[in-house]
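Here's a quick tour of one model, going from its ligand shell to its sheet and a couple of its helices. Keep the 3D view open as you read.

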Amino acid sequence: MRQRNIKNLEEKLAANSAFLIENPRACRGHWAEVFGNNNPIFLEIGCGKGKFITSRAEANPDVNYIAAEGQSSVVLRAMEKAQESKLANLRIFIDFIHDLRDYFEEGELAGLYLNFSDPWPKARHAKRRLTYRKNLENYRQVMKPEAAIEFKTDNEGLFEFTLEEISEAGFSIIEMTRDLHSPEGKVLYESAQYTTEYEDKFSSAGKNINYVKF
Ligand SMILES: C[S@@+](CC[C@H](N)C(=O)[O-])C[C@H]1O[C@@H](n2cnc3c(N)ncnc32)[C@H](O)[C@@H]1O
């Protein structure tokens, strides 16, 4: 996701930083204190412009959400939305996550969202994919035992890869569809209600959306 040449980016980031966490690694083990309550905490890695996570936060005020995004030029829009809508249950941080255990303590997350993650199509880059088995194993360590990961993608190759990694990492599939926005999918899966920018773009072009919860 690219957002080029935003004029006065640093100023705009500073003006919209009400819900920005400057040093997320220092929050490891203290996220409940950051939110000021013990509500469950859900994380999205690679939130882009934040449509998905801000609509979830708006609809579920008793759930805490964290949006992580590596590109500041992209996440600015998410920060603006959070500030405009005064989303007290949302925090945002800017970082490319490599090892989730650097940011969260064992059992700190109640759920994780990976939406339209970068596919890294070359085989030699497979370990960079967010659903690579070692990453899945690291995620599990910071998640509560009953917590689940939800993954959506338009990319068939990445979806097949992810299904293999889910199995290799020893997870069980809870829900799965190759067409989340089919009439049946919309009824069956809560996840169809909360779409991302990429999801809207691909769905409106007629592309099926793959979804798995595990
Ligand atoms: C293809 S875009 C999808 C954005 C959004 N989830 C959507 O569906 O509209 C993937 C985003 O994930 C971000 N990203 C990729 N790897 C990341 C990582 N390890 N940590 C944080 N953000 C990451 C990228 O910067 C990019 O904005």
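## Around the ligand

Which of the 20 residues around the ligand come nearest? They are Gly46, Gly48, Phe116, Thr196 and Tyr198, where a residue counts as near a molecule if its C-beta atom, placed from the backbone, lies within 6 Å of it. Before going further: this is a predicted model, in which local features need pLDDT of at least 70 and side-chain atom pairs count only at pLDDT 80 or more, while totals for chains, interfaces and linings use all residues. Residues are numbered from 1 along each chain as its sequence is written.

The shell splits into nine nonpolar, seven polar and four charged residues. Here Ala, Val, Leu, Ile, Met, Phe, Trp, Tyr, Cys and Pro count as nonpolar, Asp, Glu, Lys and Arg as charged, and the others, Gly among them, as polar. Helix 8 (197–204) and strand 2 (64–69) each put in at least two residues, and helix 8 gives the most, with three. Helices (H or I, at least four residues) and strands (E, at least two) are DSSP runs, numbered from the N terminus.

Seven strands make an open, mixed sheet, ordered 3-2-1-4-5-7-6; two strands pair if DSSP finds at least two bridges between them. At the edges sit strand 3 (90–94) and strand 6 (175–177), each pairing on one side only. On average, neighbouring strands are turned by 15° against each other, direction ignored (axes are lines fitted to C-alpha atoms, for helices over the stretch in contact, and angles run from 0 to 180 degrees between N-to-C directions).

Over at strand 6, three bridges link it antiparallel to strand 7 (residues 210–213), with Thr177 opposite Tyr211.

Strand 3 is largely enclosed by the rest of the structure, because five of its five residues are buried (20 or more other C-beta atoms within 10 Å of a residue's own, C-beta atoms being placed from the backbone). Leu90, Ile92 and Ile94 point one way, Arg91 and Phe93 the other.

Strand 3 runs parallel to strand 2, joined by five bridges, and Glu69 stands opposite Ile94. Helix 3 (residues 51–59) lies across strands 1 (41–45), 2, 3 and 4 (109–115), at about 170° to strand 2.

## Helix 5

Which residues of helix 5 (residues 133–142) are buried? Arg133, Asn135, Leu136, Tyr139 and Val142 are. Their cover includes strand 4, strand 5 (143–153) and helix 6 (156–168), going by contacts (C-beta atoms, placed from the backbone, within 7 Å).

Conventions:
Two residues are in contact if their C-beta atoms, placed from the backbone, lie within 7 Å. A residue is buried if 20 or more other C-beta atoms lie within 10 Å of its own, exposed if 12 or fewer, and partly exposed in between; C-beta atoms are placed from the backbone.
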